[in-house]
Amino acid sequence: MKNLGLVFTFEAKTYLRKKSFLVTTLVLIAVILLVTSIPTLISFFTGGKGIDGDAMFGSKELGYYTANSAVAEQIQSSQTLPEMSLFSSEEQLKDAVTEGTINKGYIFETEKSFKSITMDQGMHDQTDQLIIQELQRIARDEALRGAGIDPMVVDNASNIDIQYSSEVLGKRAQSSFSMVFIAMILVYTLVLMYGSIIATSVAREKSDRTMELLVTSTSPFSLIVGKVLAAAVIGVLQMSLFGLSMAIGLMLNKDSYPEGLLDSVGLRITPDGLAIFLIFSILGYLMYLFMFAGLGALVSKVEDVSTSISPVMMVFIAVYMLTNFTINLPESIIARVSSIVPLSSPMAMFARYSLVSIPAFELILAVVLLVISTLLLAWISIKIYRLGTLNYGNRVGLIKALRTVFSKKQKA
């Protein structure tokens, strides 16, 4: 254990002394603080006016043309339709759309027909539907008046006030989506970035024969576990600094954001949710780091590292994509299985836990399987590291290495 502490301290100091690590960390912290301060900077340069939702997300400038004066009067008097500028001709309206003066134009032929003019079709444009609903309301009112029925009577009968309330015994999924995405990106970045660093470090030691010197002074256990723990601690420290920077930036600039924006994005996490995130992300992070360390010991050249670790990277990317898919179906069988299977549970369990209620036995089962997998992969990576010291100049295949590791003839 003494050697383990020495290896951990040495590796951690090596990370902290690297200029690339320090510069990258400081630059990203500055970028995060700058991005979260954008509303304050806009407020400063606009004389204290600040920004609103339209300024942040963009607003649509709309226009219309109609030769029917009755339609024009109905559009102008409508309380439901968005504000639209009246153009004197169809050609002028199309020119305005082409030049970008307005985002979208409408040509009203009659009270019951219109067409839209746009350069590009947006994915979430609801303006057409609003116009359809308004024209339907106008046509309905005219039909009711023709039948001698007051439209207001129908409206009042159709809009009886119903008292409604809801009690949520479990989770409010909508308020957790943003935190789920941030957590997924955090784990994704940690695993891929520090996993490749670990694999490259181990391969470099084997390439320049440093590994041969190290195993004579300490055990493969101390070397691998010390390396992995050092990378894990430094990675968590770096991401914690980024998270702290974001929290500080948002707290200092919260008064400059549009009212209700920060509450609507759901950047909140409960204590139990934080505990689940830490347990699964840290265990999963260690599990993948041990995998990368073992794969790094299989190659004899640093240039071969990318080829060696690519299968694990592809698996992890697939896990990320699967979790992205299952957050829309958190109660599906795919989501349940992926939150329990060790390869995917580091991401999927927190995502699912944040969106729906999960039985205690599933949480316990997922933790037990993840702990067992992490310990097993740590043992395998240590054995592969030891095997690597005996195969200088040769690249060992993963299947062959695993056969050797589990062979009864291999000495402990």
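How many residues join strand 3 to strand 4 in the hairpin? I looked this up and found 2 residues.

Before going on, I noted that this is a predicted model, in which local features need pLDDT of at least 70, side-chain atom pairs count only at pLDDT 80 or more, and totals for chains, interfaces and linings use all residues. Residues are numbered from 1 along each chain as its sequence is written, and side-chain values use heavy atoms, with hydrogens and water left out.

**Sheet.** I took helices (H or I, at least four residues) and strands (E, at least two) as DSSP runs, numbered from the N terminus. Strands pair if DSSP finds at least two bridges between them. Strand 3 (residues 104-110) and strand 4 (residues 113-118) run antiparallel and are joined by 6 bridges. I checked two partners: Tyr106 has Ser116 in strand 4, and Gly105 has Ile117.

The open sheet has 4 strands in the order 2-1-3-4, with mixed pairing. Strand 2 (84-86) and strand 4 are at the edges with a single partner strand each, so one side of each lacks a neighbour in the sheet. I read an average twist of 30° from one strand to the next.

**Helices on the sheet.** Contact means heavy atoms within 4.5 Å. Axes are lines fitted to C-alpha atoms, for helices over the stretch in contact, and angles run from 0 to 180 degrees between N-to-C directions. Helix 6 (residues 90-99) packs on the sheet and touches strand 1 (62-66), strand 3 and strand 4, with its direction at about 160° to that of strand 3. Helix 7 (residues 127-146) also touches strand 1, strand 3 and strand 4, at about 25° to strand 3.
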